[in-house]
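Here are some notes to read alongside the model. Each point takes up one topic, and the first begins with a question.

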Amino acid sequence: MRDNEEIEKVIQKILLHELGLPETYGTESGKIIPSVYIVSPLISQGSTDKLQIAIQSIGSKVVGNNVRYNPNNQFEEIKECVISDMIQIDVKSRNNDARTRRFEVLTSLASTYAKQMQEYYQCKIFNIPSGFSNTQAAEGATLINRYTITFSVEYLQTYKKEVDYYDKFSLNARIDSEEKQFNQKWGNVL
């Protein structure tokens, strides 16, 4: 993935752009109220009547793992890992926005902009679902409309590291007396 951008952030960029939502709805009691966010204990959720979309990875699997060397710099190791994440998106609101706009999330993930972002960040959104699950019961007694989808995403993470080579190693030569006597008698045969 280009610059190793988090896959959740790529999806967040797509949804913000395609749904035309602001990054935040302002603050309440000193906490920022986001419109599209990556699930975190630090995020204020459900404290607005406006549409909120939560993104989180609910599972990961390594599809491929490779180590190679830069052909232009033989001392640079390139570590690559292809990861398949299961992403969950929750669309929720205290008003009807979640119910009426939930399908915009699906069209956003299949949009031209989403395809451009996938190409730029070297990732692929797979199996965009054809519908949502109504997960309103997960909110308990609160009156929140909540709809959930899950889908898989594959992406490449790349890490580079300089490899130590012999010029960097410290070298101490030690000659014991028997080897010195051998070399004096027979010469250095090496």
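1. With which side chain does the side chain of D90 make a polar contact? The partner is the side chain of R146, at 3.4 Å. Keep in mind that this is a predicted model.

2. D90 lies in strand β5, which covers residues 73-93. Is D90 buried or exposed? Its relative accessibility is 2%, and buried means under 20%, so D90 counts as buried.

3. Leaving aside residues up to four places away in sequence, D90 touches Q52, I53, A54, Q56, T135, R146, Y147 and T148. T135 is 45 residues from D90 along the chain, yet the C-alpha atoms of the two are separated by 8.5 Å.

4. The chain as a whole has four helices and eight strands. Read from the N terminus, the order of elements is α-β-β-β-β-β-α-α-β-β-β-α. Among contacts with a separation of 6 or more, 65% join residues 24 or more positions apart.

5. Helix α1 takes in residues 7-19, which makes 13 residues. After α1 comes G20, which has a positive phi near 65 degrees.

6. Which residues of α1 are buried? They are I7, E8, V10, I11, Q12, I14, L15, L16 and L19. When reading such a list, recall that an α-helix has 3.6 residues a turn, so residues three or four places apart point the same way.

7. The largest nonpolar core contains 32 residues. Those with the most contacts inside this core are I11, L15, I53, I89, V105, L109 and F151. Two or more residues each come from α1, β4 (52-70), β5, α2 (97-109), α3 (112-121), β6 (123-126) and β8 (145-162). The element that gives the most is α1, with seven residues. As background, nonpolar side chains tend to be buried together in soluble globular proteins.

8. Not counting residues up to four places away in sequence, F151 touches I11, D85, M86, I87, I89, L109, I125, F126, N127 and P129. Of these, I11, I89 and L109 are also listed, like F151, among the residues with the most contacts inside the core.

9. Last, the totals. The chain has 190 residues, and 35% of them count as buried. The chain exposes about 12200 Å², of which carbon and sulfur atoms supply 48%.

Technical notes:
Residues numbered from 1 in each chain as written. Predicted model: local features only at pLDDT ≥ 70, side-chain atom pairs only at ≥ 80, totals over all residues. Heavy atoms only, no water. Buried < 20%, exposed > 50% of the residue type's maximum accessible area, 1.4 Å probe, protein only. Contact = heavy atoms within 4.5 Å. Areas by Shrake-Rupley, 256 points an atom, 1.4 Å probe, with all protein chains shown as cover. Polar contact = N/O pair within 3.5 Å; in protein donor to acceptor, adjacent residues only side chain to side chain. Expected span 1.5 Å × (residues − 1). Core = buried A, V, L, I, M, F, W, Y, C linked by side-chain atoms within 4.5 Å.
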